[in-house]
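Reader: Before we discuss particular residues, please show me the sequence and the model.

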Amino acid sequence: MASHPQTYSRSAVSVLFDTLATCVAWSIAALVSGIFVWILADIVIAGLPSISWSFLTETPRNAGRDGGIFPIIISTLLILFVAMLVSVPLGLGTAILLSELTRAESTFGMLVRRSLDVLAGVPSIVFGLFGNAFFCIYLGLGFSILSGGLTLSCMVLPILIRATEEGFRSVPNEYRMGAAALGLSRTATLVQLLLPAAVPGIVVGLVLGIGRALAETAALIFTSGYVDRVPGSLFDSGRSLSVHIFDLSMNVAGGDRYAYASALVLIAMLIVINASASWTANRWLRKRIVVT
(Lines give C-alpha, C1' and ligand atoms only; values in the text may rest on other atoms or scores of the structure.)
Protein backbone atom coordinates (compact mmCIF):
# COMPACT_ATOMS: atom_id res chain seq x y z
CA MET A 1 0.00 0.00 0.00
CA ALA A 2 1.54 3.32 -1.08
CA SER A 3 2.13 6.01 1.52
CA HIS A 4 0.43 9.34 1.16
CA PRO A 5 2.66 12.09 -0.30
CA GLN A 6 1.91 14.30 2.74
CA THR A 7 3.66 11.75 4.98
CA TYR A 8 6.91 12.13 3.05
CA SER A 9 6.50 15.91 3.01
CA ARG A 10 6.07 16.14 6.77
CA SER A 11 8.98 13.76 7.33
CA ALA A 12 11.23 15.84 5.09
CA VAL A 13 10.21 19.05 6.87
CA SER A 14 10.88 17.44 10.25
CA VAL A 15 14.32 16.24 9.16
CA LEU A 16 15.14 19.69 7.72
CA PHE A 17 14.03 21.41 10.92
CA ASP A 18 16.12 19.05 13.08
CA THR A 19 19.14 19.63 10.84
CA LEU A 20 18.77 23.40 11.01
CA ALA A 21 18.33 23.33 14.78
CA THR A 22 21.43 21.17 15.15
CA CYS A 23 23.44 23.49 12.91
CA VAL A 24 22.31 26.56 14.86
CA ALA A 25 23.18 24.91 18.21
CA TRP A 26 26.62 23.87 17.01
CA SER A 27 27.23 27.29 15.47
CA ILE A 28 26.41 29.04 18.75
CA ALA A 29 28.63 26.63 20.68
CA ALA A 30 31.47 27.18 18.20
CA LEU A 31 31.04 30.96 18.41
CA VAL A 32 31.16 30.98 22.21
CA SER A 33 34.15 28.63 22.25
CA GLY A 34 35.90 30.73 19.61
CA ILE A 35 35.43 33.93 21.61
CA PHE A 36 36.78 32.23 24.72
CA VAL A 37 39.81 30.84 22.87
CA TRP A 38 40.43 34.25 21.29
CA ILE A 39 40.40 36.05 24.65
CA LEU A 40 42.53 33.38 26.31
CA ALA A 41 45.05 33.35 23.44
CA ASP A 42 45.33 37.14 23.56
CA ILE A 43 46.05 37.05 27.30
CA VAL A 44 48.55 34.19 26.98
CA ILE A 45 50.42 35.76 24.04
CA ALA A 46 50.65 39.19 25.70
CA GLY A 47 51.20 38.02 29.28
CA LEU A 48 53.35 34.90 29.08
CA PRO A 49 56.62 36.73 28.19
CA SER A 50 56.39 38.70 31.46
CA ILE A 51 55.82 35.64 33.66
CA SER A 52 58.92 34.70 35.64
CA TRP A 53 59.90 33.52 39.09
CA SER A 54 60.79 37.06 40.13
CA PHE A 55 57.42 38.30 38.89
CA LEU A 56 55.68 35.81 41.20
CA THR A 57 57.88 36.37 44.25
CA GLU A 58 58.80 40.06 44.31
CA THR A 59 56.85 43.12 45.44
CA PRO A 60 55.58 45.72 42.95
CA ARG A 61 57.81 48.69 42.17
CA ASN A 62 57.36 51.85 40.17
CA ALA A 63 53.54 51.75 40.48
CA GLY A 64 53.51 48.15 39.26
CA ARG A 65 55.59 48.68 36.12
CA ASP A 66 58.46 46.71 37.69
CA GLY A 67 58.85 44.03 40.32
CA GLY A 68 56.28 41.33 40.89
CA ILE A 69 52.88 40.55 42.35
CA PHE A 70 53.66 38.41 45.40
CA PRO A 71 51.78 40.66 47.89
CA ILE A 72 48.88 40.84 45.43
CA ILE A 73 48.62 37.04 45.28
CA ILE A 74 48.70 36.75 49.08
CA SER A 75 45.98 39.41 49.48
CA THR A 76 43.82 37.71 46.83
CA LEU A 77 44.06 34.31 48.52
CA LEU A 78 43.29 35.81 51.95
CA ILE A 79 40.23 37.66 50.63
CA LEU A 80 39.01 34.48 48.93
CA PHE A 81 39.62 32.47 52.11
CA VAL A 82 37.53 34.86 54.21
CA ALA A 83 34.74 34.92 51.61
CA MET A 84 34.54 31.12 51.36
CA LEU A 85 34.93 30.60 55.11
CA VAL A 86 31.82 32.71 55.71
CA SER A 87 29.71 31.89 52.66
CA VAL A 88 30.09 28.08 52.44
CA PRO A 89 28.63 27.20 55.90
CA LEU A 90 25.88 29.83 55.58
CA GLY A 91 25.11 28.81 52.01
CA LEU A 92 25.00 25.11 52.80
CA GLY A 93 22.81 25.64 55.86
CA THR A 94 20.39 27.91 54.01
CA ALA A 95 20.19 25.48 51.08
CA ILE A 96 19.35 22.65 53.47
CA LEU A 97 16.69 24.82 55.11
CA LEU A 98 15.06 25.67 51.78
CA SER A 99 15.24 22.20 50.24
CA GLU A 100 14.73 19.85 53.17
CA LEU A 101 12.99 21.77 55.96
CA THR A 102 10.71 24.09 53.98
CA ARG A 103 7.97 23.22 51.51
CA ALA A 104 8.65 24.44 47.99
CA GLU A 105 5.31 26.25 47.81
CA SER A 106 5.53 27.87 51.26
CA THR A 107 5.44 31.66 51.48
CA PHE A 108 8.67 31.77 53.45
CA GLY A 109 10.54 29.63 50.94
CA MET A 110 9.27 31.58 47.95
CA LEU A 111 10.14 34.91 49.60
CA VAL A 112 13.69 33.78 50.40
CA ARG A 113 14.22 32.43 46.87
CA ARG A 114 12.98 35.62 45.23
CA SER A 115 15.19 37.66 47.53
CA LEU A 116 18.20 35.55 46.56
CA ASP A 117 17.40 35.94 42.86
CA VAL A 118 17.24 39.73 43.28
CA LEU A 119 20.52 39.80 45.23
CA ALA A 120 22.24 37.71 42.54
CA GLY A 121 21.43 40.44 40.01
CA VAL A 122 22.51 43.41 42.13
CA PRO A 123 25.50 45.24 40.57
CA SER A 124 28.80 44.69 42.35
CA ILE A 125 29.27 48.42 42.90
CA VAL A 126 26.17 48.38 45.13
CA PHE A 127 27.68 45.59 47.22
CA GLY A 128 30.87 47.65 47.40
CA LEU A 129 29.03 50.70 48.74
CA PHE A 130 27.17 48.51 51.23
CA GLY A 131 30.40 46.86 52.37
CA ASN A 132 32.09 50.22 52.76
CA ALA A 133 29.21 51.66 54.78
CA PHE A 134 28.58 48.60 56.97
CA PHE A 135 31.85 46.71 57.37
CA CYS A 136 34.38 49.51 56.91
CA ILE A 137 32.60 52.36 58.68
CA TYR A 138 29.80 51.00 60.91
CA LEU A 139 31.71 47.97 62.22
CA GLY A 140 34.98 49.90 62.19
CA LEU A 141 36.95 47.34 60.17
CA GLY A 142 38.25 49.99 57.75
CA PHE A 143 39.79 49.13 54.40
CA SER A 144 40.93 45.59 55.16
CA ILE A 145 41.12 42.01 53.95
CA LEU A 146 38.28 41.19 56.35
CA SER A 147 35.99 43.88 54.95
CA GLY A 148 36.67 42.74 51.38
CA GLY A 149 36.14 39.07 52.19
CA LEU A 150 32.88 39.70 54.07
CA THR A 151 31.59 41.84 51.20
CA LEU A 152 32.43 39.12 48.69
CA SER A 153 30.68 36.55 50.86
CA CYS A 154 27.49 38.61 50.55
CA MET A 155 27.89 38.55 46.77
CA VAL A 156 28.66 34.82 46.60
CA LEU A 157 25.87 33.64 48.92
CA PRO A 158 22.92 33.95 46.48
CA ILE A 159 24.70 31.94 43.78
CA LEU A 160 25.97 29.34 46.23
CA ILE A 161 22.62 28.89 47.97
CA ARG A 162 20.59 28.50 44.78
CA ALA A 163 23.03 26.04 43.17
CA THR A 164 23.30 23.97 46.34
CA GLU A 165 19.53 23.96 46.81
CA GLU A 166 19.06 22.65 43.28
CA GLY A 167 21.63 19.98 44.05
CA PHE A 168 19.59 18.78 47.03
CA ARG A 169 16.31 18.97 45.11
CA SER A 170 17.78 16.86 42.31
CA VAL A 171 18.16 13.93 44.73
CA PRO A 172 15.27 11.46 44.10
CA ASN A 173 12.58 11.35 46.79
CA GLU A 174 13.06 7.57 46.93
CA TYR A 175 16.23 8.23 48.94
CA ARG A 176 14.26 10.08 51.60
CA MET A 177 11.41 7.56 51.63
CA GLY A 178 13.82 4.63 51.91
CA ALA A 179 15.66 6.29 54.78
CA ALA A 180 12.37 6.97 56.57
CA ALA A 181 11.32 3.33 56.09
CA LEU A 182 14.61 2.20 57.67
CA GLY A 183 14.01 4.49 60.64
CA LEU A 184 16.93 6.82 59.98
CA SER A 185 16.78 10.22 61.62
CA ARG A 186 16.60 13.35 59.50
CA THR A 187 20.18 14.21 60.41
CA ALA A 188 21.46 10.76 59.44
CA THR A 189 19.53 10.90 56.17
CA LEU A 190 20.98 14.29 55.38
CA VAL A 191 24.58 13.37 56.20
CA GLN A 192 24.66 9.79 54.91
CA LEU A 193 22.43 10.01 51.82
CA LEU A 194 21.44 13.48 50.67
CA LEU A 195 24.73 15.32 51.14
CA PRO A 196 26.82 12.85 49.07
CA ALA A 197 24.16 12.75 46.36
CA ALA A 198 24.05 16.56 46.22
CA VAL A 199 27.84 16.96 45.91
CA PRO A 200 27.74 17.80 42.16
CA GLY A 201 25.36 20.71 42.79
CA ILE A 202 27.43 21.91 45.74
CA VAL A 203 30.59 21.83 43.61
CA VAL A 204 28.85 23.83 40.87
CA GLY A 205 27.84 26.50 43.38
CA LEU A 206 31.31 26.56 44.87
CA VAL A 207 32.98 26.92 41.47
CA LEU A 208 30.63 29.72 40.44
CA GLY A 209 31.15 31.47 43.78
CA ILE A 210 34.94 31.23 43.57
CA GLY A 211 34.85 32.52 40.00
CA ARG A 212 32.84 35.58 40.96
CA ALA A 213 34.93 36.26 44.06
CA LEU A 214 38.25 36.07 42.21
CA ALA A 215 37.05 38.26 39.34
CA GLU A 216 35.46 40.97 41.47
CA THR A 217 36.91 44.47 41.27
CA ALA A 218 34.38 47.21 42.05
CA ALA A 219 33.35 45.88 45.46
CA LEU A 220 36.97 45.42 46.59
CA ILE A 221 38.00 48.95 45.62
CA PHE A 222 35.58 50.23 48.29
CA THR A 223 36.40 47.63 50.94
CA SER A 224 39.87 46.04 50.76
CA GLY A 225 41.71 49.02 49.32
CA TYR A 226 44.70 49.59 47.04
CA VAL A 227 47.70 48.83 49.29
CA ASP A 228 50.19 46.60 47.46
CA ARG A 229 52.21 45.27 50.39
CA VAL A 230 51.90 41.91 52.13
CA PRO A 231 49.13 42.19 54.75
CA GLY A 232 50.24 41.48 58.29
CA SER A 233 46.75 40.39 59.38
CA LEU A 234 43.17 40.25 58.16
CA PHE A 235 42.70 43.80 59.45
CA ASP A 236 45.32 45.20 57.04
CA SER A 237 44.44 46.59 53.65
CA GLY A 238 45.33 44.52 50.61
CA ARG A 239 45.05 44.74 46.84
CA SER A 240 43.49 41.84 44.95
CA LEU A 241 44.65 40.69 41.53
CA SER A 242 41.53 42.02 39.83
CA VAL A 243 42.03 45.47 41.36
CA HIS A 244 45.71 45.34 40.41
CA ILE A 245 44.84 44.53 36.80
CA PHE A 246 42.33 47.40 36.72
CA ASP A 247 44.86 49.82 38.16
CA LEU A 248 47.64 48.84 35.75
CA SER A 249 45.43 49.00 32.68
CA MET A 250 43.54 52.20 33.53
CA ASN A 251 45.75 54.33 35.78
CA VAL A 252 49.38 53.38 35.08
CA ALA A 253 50.99 54.42 31.82
CA GLY A 254 52.97 51.52 30.38
CA GLY A 255 51.40 49.00 32.74
CA ASP A 256 49.61 46.92 30.09
CA ARG A 257 52.41 44.34 29.91
CA TYR A 258 52.16 43.46 33.60
CA ALA A 259 48.37 43.78 33.49
CA TYR A 260 48.26 40.95 30.94
CA ALA A 261 50.70 38.89 33.02
CA SER A 262 48.58 39.44 36.16
CA ALA A 263 45.45 38.42 34.24
CA LEU A 264 47.17 35.22 33.17
CA VAL A 265 48.10 34.46 36.77
CA LEU A 266 44.49 35.11 37.83
CA ILE A 267 43.17 32.69 35.22
CA ALA A 268 45.71 30.07 36.31
CA MET A 269 44.66 30.51 39.95
CA LEU A 270 41.00 30.13 39.01
CA ILE A 271 41.67 26.92 37.09
CA VAL A 272 43.82 25.42 39.86
CA ILE A 273 41.39 26.30 42.67
CA ASN A 274 38.33 25.05 40.78
CA ALA A 275 40.10 21.84 39.74
CA SER A 276 41.23 21.28 43.34
CA ALA A 277 37.69 21.81 44.66
CA SER A 278 36.23 19.35 42.13
CA TRP A 279 38.95 16.78 42.80
CA THR A 280 38.54 17.03 46.58
CA ALA A 281 34.76 16.67 46.37
CA ASN A 282 34.97 13.67 44.04
CA ARG A 283 37.58 11.97 46.21
CA TRP A 284 35.48 12.54 49.34
CA LEU A 285 32.45 11.13 47.54
CA ARG A 286 34.33 8.03 46.39
CA LYS A 287 35.58 7.41 49.93
CA ARG A 288 32.07 7.63 51.32
CA ILE A 289 30.79 5.21 48.68
CA VAL A 290 33.57 2.72 49.48
CA VAL A 291 32.96 3.01 53.22
CA THR A 292 29.21 2.62 52.74
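Author: This is a predicted model. A place to begin is Ala63, which sits in the loop between strand 1 and strand 2.

Reader: Why is Ala63 called partly exposed?

Author: The relative accessible area of Ala63 is 46%. Buried requires a value under 20% and exposed one over 50%, with partly exposed in between. Ala63 is therefore partly exposed.

Reader: What is the phi of Ala63?

Author: Ala63 has a positive phi, near 60°, and is a residue other than glycine.

Reader: How do you know whether Asn62 is buried, exposed or partly exposed?

Author: Asn62 has a relative accessibility of 45%. Asn62 is found in the loop between strand 1 (60–61) and strand 2 (66–67), and its phi is positive, about 55°, although Asn62 is not a glycine.

Reader: Which residues of the largest nonpolar core touch the most other members?

Author: They are Ile69, Leu152, Leu241 and Val265, in a core of 38 residues. Among the helices that each supply at least two residues of this core are helix 3 (70–100), helix 6 (145–169) and helix 12 (256–291). Helix 12 gives the most, with eight residues.

Reader: What is Val265 in contact with, leaving aside its neighbours within four places in sequence?

Author: Val265 is then in contact with Ile51, Phe55, Leu56, Ile69, Ile73 and Leu241.

How values were computed. Residues numbered from 1 in each chain as written. Predicted model: local features only at pLDDT ≥ 70, side-chain atom pairs only at ≥ 80, totals over all residues. Heavy atoms only, no water. Core = buried A, V, L, I, M, F, W, Y, C linked by side-chain atoms within 4.5 Å. Buried < 20%, exposed > 50% of the residue type's maximum accessible area, 1.4 Å probe, protein only. Helix = DSSP H or I, 4+ residues; strand = E, 2+ residues; numbered from the N terminus. Contact = heavy atoms within 4.5 Å.
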